[in-house]
Every structure is written in structure tokens, then in C-alpha cells.
Amino acid sequence: MIAALLLSFGVLFVAELGDKSQLMALTFALRYRWWIVLSGITVASIAVNLIAVGVGHFLGAALPTDLIAFCTGVILLAVGMWTLWESRREDGADEEPAATGPAAPGRAFLIVISSFLLAELGDRTMFATIALASNHSWPAVWAGSVAGMVAAGGLAIAVGITVGKHIPERAVAVASGLLFLYIGAATLLGAVAPELGKPGEYSIALVVPVVAGAVWWLLARSNAARHGAATRSSPSDRPSTGDQHTCDRH
């Protein structure tokens, strides 16, 4: 049983390195508190690996993985666009922090869980767990797979925290949005054009964040120009009519 646990841990940890799930963990770590992201990854890993070892090897061929991957890609693209849109308002003004309020951690927790569940259900690592469970003790495979996924996610979270400490909050928001768009585009390509393979998916998917980043930069420049023009033409610094008459009398 120990051997099956260690084998499952090693297989899943290595399989997750550089995978879209680890990129998602890094991206979420840039936006939310680390313990929220790690908790969400843990819950999602427990659920998806329980499905894999419990019923996945019976229904593996019937799981609509392409449809799940397509829905995951659409959701991640939507989250990326939403994140970029919100970052346009993060200009250093007195905005309320994103993580304040009792509902914010719960909302972030649900976002992390749902994203990871969808991503892992449509991922090849699920079938690796199914294959391991068919030849080894399923409790050991389940525990090892969960530990491997959480360890890989924890590594990505540590990287995200380290990176997030050295870049401005607005840059973090923009980077998060672009990463979501990249992961979503790669997931969609994997669903609609699996013949491209991982190198093809990841290469072509770069077009989406590059274009989105260029559009965001142009919009940010336009907004900054309008804001500067409005500030220069503001009447707040001009003397009022009454003040002008007072000056004339003196």
C-alpha cells in the first residue's frame, strides 16, 4: 500500500508540473490569499481523484472530457476578461481591497474549487489515476494522487506569492487576467483540436493574451489621456467670479 501511495504521488506530482492546473494555481495565488487557494485545490483534488478511483475506471470512456474541457476553457476566458476589466479601475485610487468583506474569501474559494474541478475532470492526469487504481489499492492511489496534486499546487502558490511581492498590485491583476486567457485558450484548443498536441496548443494560445494585452494597453493609454485632459481643464483651480471682483476692487 505504501508503494502504491508513493507511486501515485510521484506520477501525479510530475504530471502536474508545468500543466495548466499548476499555472491556474500560480494565477490564483496572485489574486487571492494563499490559504484560500490551497484549500480550494485540496478540496477539488479530493473530489476529482475520488471520482477517478471510485467510478472513473468504470465510466472513463463515457466521460464527456472534450465537452468538459470546452466549458472549462470558456469559463477561464470569461474570468480572464473580467479580471482585466476590473484591473482598469485599479489606478491607485481609494478602492476597496479585493479580499475585504466576509463574502470575498468564500467567493474566491468557490471559484478555485470549480475551476480546478472542471480542469482536472477534462485532464489526462485523471486517466493516469484511473490506470493506477485499476492495478493498485484504490485508497492508496487516492491518497497519493491527492497529495501529489496538492504538492504541485503548493509549489505554484509559493512561486505566485514570491512574484506577487515584487510587482505592483495593478500589474498582478493584469498578469492574472492574461494568464487566465492563456490557460483558457490552451484548454479550448485542446478540446477542439487535440491533434495539435501540447506544444501546438501552448504556442497558438499565446496569440490570445498577446492581443488582449495590446488592447488593454491601448485602452489604458486612452483613459489616461482623457483623465489628464480633464484634470487640466478642471475649473477647481480657477478663481471664482466673486474672487475676481474682489481682486479688481483691491
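## About the model

Because this is a predicted model, local features need pLDDT of at least 70 and side-chain atom pairs count only at pLDDT 80 or more, while totals for chains, interfaces and linings use all residues. Residues are numbered from 1 along each chain as its sequence is written, and side-chain values use heavy atoms, leaving out hydrogens and water.

## The whole chain

The chain has 11 helices and zero strands (DSSP runs numbered from the N terminus, with helices being H or I of at least four residues and strands being E of at least two). Of its 250 residues, 38% are buried, meaning under 20% relative accessible area with a 1.4 Å probe, counting protein chains only.

Let's look at helix α1 (residues 2-16) and helix α7 (residues 138-164), whose axes come within 7 Å and cross at roughly 35°. Here, axes are lines fitted to C-alpha atoms over the stretch in contact, and angles run from 0 to 180 degrees between N-to-C directions.

Residues in contact have heavy atoms within 4.5 Å. On the α1 side they include L5, F9 and F13, and on the α7 side they include V141, M149 and L155.

## A closer look at S115

You can find S115 in helix α5 (residues 103-121). S115 counts as buried because its relative accessibility is 5%. Leaving aside neighbours within four places in sequence, S115 is in contact with M24, F28 and L76.

Methods. Buried < 20%, exposed > 50% of the residue type's maximum accessible area, 1.4 Å probe, protein only.
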